[in-house]
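This briefing covers a helix contact and a group of aromatic side chains. The sequence and structure come next.

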Amino acid sequence: MKDAPCAEPCCCFLTCVSGTYGTSWCLRREVIEKDWNKYHCCQGFSPCCNDCLESCVCCEGDPRCCCMCLECLCCPGLAISATRIHLMHEYALGVDPMDNKIIRFNNCIQCVACVCHVVGIFIKEARHLARLVDLFAHLVFLCTAGCMAGQIHREKSFQIQKEALLPPECQGDEANQAYLSQPVDDHSIMAAPQCDQSYPPTKHPPEYSAPSAPAPVGYCPGPVQPGQQPPPPPPPPPPPATH
């Protein structure tokens, strides 16, 4: 998320300007690949009442896009977060620690704004501070949502490029999912398999030993030294084979 403003500046800017309403709908449509039959309210990731919310989606096909409009209007933060979580589950993506820090900071600011508004109910002088904190909380939320939207669009575009380069043996649904979940190199869309090119090799082949052969007839290993017995004469050659 921290790199999203530089990687997808237009998506981040439009999300901040539109208050996440327009881009959140478009991102959900992009993630479900324009198949609204795959749409569910918050994609099943709402904190509670999943069955109740799912029962509110009473239509099939393209009319479900109207339900997505209501979701973006009533729950803008949850709508864009559900799109992001759905994308992570689809491609088995891990969570960047920096993403958690940004989201936690946003959540803390929203809690501080709520506390300030509660205090402002009892202390009139604190109402101005509550409005300032509330304004800051809105800006933090828009920036966080913008980074999240840019990350979603960037990741989905990357996965589409990766699917286009799938080998023939990975064209099936299960094989496709397993292939896409493999880690890739940071500098290429698809990482080639790495081979061991270390030199010298860590293991050496066993030493070669020539097979032993009998000494030829009349062979003498060398001059006999004084006091040394000469070697015994070689055995006679075997008789020729007869039929």
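**Aromatic cluster and helix contact**

At 5% relative accessibility, Trp-36 is buried, because buried means under 20% relative accessible area, with exposed over 50% and partly exposed in between (1.4 Å probe, protein chains only). This is a predicted model, in which local features need pLDDT of at least 70 and side-chain atom pairs count only at pLDDT 80 or more, while totals for chains, interfaces and linings use all residues. Residues are numbered from 1 along each chain as its sequence is written, and side-chain values use heavy atoms, leaving out hydrogens and water.

**Aromatic rings**

- The count comes to 2 aromatic pairs, where rings of Phe, Tyr and Trp (its six-membered ring) pair if their centres lie within 6.5 Å.
- Trp-25 and Trp-36 form a tilted pair, 5.4 Å centre to centre with 35 degrees between the planes; under 30 degrees counts as stacked, over 60 as edge-to-face and the rest as tilted.
- Trp-25 lies in helix H3 and Trp-36 in the loop between H3 and helix H4 (50-56), 11 residues apart.
- Trp-25 counts as partly exposed, at 23% relative accessibility.
- One aromatic cluster is formed by Trp-25, Trp-36 and Tyr-39.

**Helices H2 and H3**

- Helices here are DSSP runs (H or I, at least four residues), numbered from the N terminus.
- The axes of H2 (residues 9-18) and H3 (residues 21-31) come within 6 Å and cross at roughly 130 degrees.
- H2 is therefore oblique to H3; angles under 35 degrees count as roughly parallel, over 145 as roughly antiparallel, 65 to 115 as roughly perpendicular and the rest as oblique.
- Cys-11, Leu-14, Thr-15 and Ser-18 in H2 meet Tyr-21, Gly-22 and Thr-23 in H3, contact meaning heavy atoms within 4.5 Å.

Conventions: Axes are lines fitted to C-alpha atoms, for helices over the stretch in contact, and angles run from 0 to 180 degrees between N-to-C directions. Helices (H or I, at least four residues) and strands (E, at least two) are DSSP runs, numbered from the N terminus.
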